[in-house]
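I opened the notebook to record a few look-ups. The entries follow in the order I made them.

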Amino acid sequence: MGKIRFQNVSLNYSNGNSVKNVLENIDLEINKGEFVCVIGPSGCGKSTLLSLLSGLNKPTNGIVTIDGQKIKGPGTDRGVVFQHYSLFPWLTARKNIIFGIKQAGKEKNKARILKRAQYFLDRVELSDSGDKYPFELSGGMQQRVALARTLAMDTDILLMDEPFGAIDPKVRYELQDLTLELCKDGDAKKTAVFVTHDIDEAIFLADRIIFMSPGGAYKDIKIPASIRNL
Ligand code: ADP
Ligand code: ADP
């Protein structure tokens with residue numbers, strides 16, 4: 001699972017009588033196990049591109065597929081992390097993560113679900129905060145819970161929209177490491193599409209960077225491992 005394909009995809013937003021072409025004739029393939037970063041100026045359509053993959057949006061023309069199947073809407077086969085951590089405010093950090101694990105539906109045993117939730121709390125360095133509610137956590141901590149919730153789902157595809165934009169550099173580097181580590185878990189490498197403003201972050205994370213300009217024109221650059229590991 002995990003090959004993504006955009007075929008001649010266009011998307012316009014229309015407000016009353018004005019129409020805005022955000023994406024025009026995008027043809028793009030992302031291979032299974034590839035980590036792709038999407039970078040470009042604000043408003044060029046990065047979030048829109050990602051929303052086609054999460055299934056929250058539909059192309060005006062063209063087709064987006066995963067392993068040859070047209071994306072019809074949101075699905076638990078894709079893990080999503082947004083910039084503004086979308087935790088459930090009425091659930092503790094632990095229960096937010098448990099929710100993710102249950103959504104994914106791979107693990108049914110209660111004891112193992114609890115163990116897995118604690119493992120991910122540990123990994124994002126929130127070992128002792130599992131019973132706190134989102135309002136009791138800082139923004140950076142909430143984002144770590146959101147990351148843990150999504151990674152704990154263990155989906156083949158990860159979609160991330162500036163997930164570390166609001167996190168201070170030290171924790172940010174740790175979360176970048178963690179994201180890479182969990183994407184390269186054994187043989188089952190995940191396919192990741194990661195939107196960022198930060199070119200350093202893109203070079204550090206990506207196998208390939210897609211540079212978008214307004215209108216969705218793009219250039220595609222492979223990052224050799226020798227550069228990533230500098
Ligand atoms: P980016 O993520 O690169 O900042 P977006 O994909 O969020 O860009 O937005 C691309 C363009 O589409 C922007 O000009 C934005 O204002 C516009 N846009 C985004 N969502 C909508 C919407 N729901 N309705 C109308 N215009 C929108
Ligand atoms: P080391 O030599 O042990 O890798 P560094 O100080 O170079 O130490 O980096 C420490 C960590 O900071 C790295 O493992 C990586 O997660 C992160 N890091 C370093 N440089 C960057 C960068 N340009 N962008 C993102 N993360 C970085």
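Predicted model: local features only at pLDDT ≥ 70, side-chain atom pairs only at ≥ 80, totals over all residues.

In which loop is the place of Ser-129? I found Ser-129 in the loop between helix H3 (110–123) and helix H4 (139–152).

Is Ser-129 buried or exposed? I looked up its relative accessible area, which is 9%. Buried means under 20%, so Ser-129 counts as buried.

I then looked for the contacts of Ser-129, leaving aside its neighbours within four places in sequence. I wrote down Ala-93, Leu-137 and Met-141.

Next entry: ligand 2. Which residues are around ligand 2? I listed Tyr-173, Gln-176, Asp-177, Asp-200 and Phe-204. I sorted this shell by residue class and got 2 nonpolar, 1 polar and 2 charged.

Which helices each supply at least two residues of the shell around ligand 2? I noted helix H5 (169–183) and helix H6 (199–205). The largest share, 3 residues, comes from H5.

I went on to the atom distances. For Tyr-173, a backbone N or O atom lies 3.4 Å from an oxygen atom of ligand 2. For Gln-176, I found a polar side-chain atom 2.7 Å from a nitrogen atom of ligand 2. For Asp-177, an N or O atom in the side chain is 2.6 Å from an oxygen atom of ligand 2.

Last, I checked how much of ligand 2 is covered. Ligand 2 exposes 540 Å² when taken alone, and the protein buries 41% of that.

Methods: Residues numbered from 1 in each chain as written. Chains lettered and ligands numbered in written order. Heavy atoms only, no water. Near = heavy atom within 4 Å. Polar contact = N/O pair within 3.5 Å; in protein donor to acceptor, adjacent residues only side chain to side chain. Areas by Shrake-Rupley, 256 points an atom, 1.4 Å probe, with all protein chains shown as cover. Helix = DSSP H or I, 4+ residues; strand = E, 2+ residues; numbered from the N terminus. Nonpolar A, V, L, I, M, F, W, Y, C, P; charged D, E, K, R; others polar. Buried < 20%, exposed > 50% of the residue type's maximum accessible area, 1.4 Å probe, protein only. Contact = heavy atoms within 4.5 Å.
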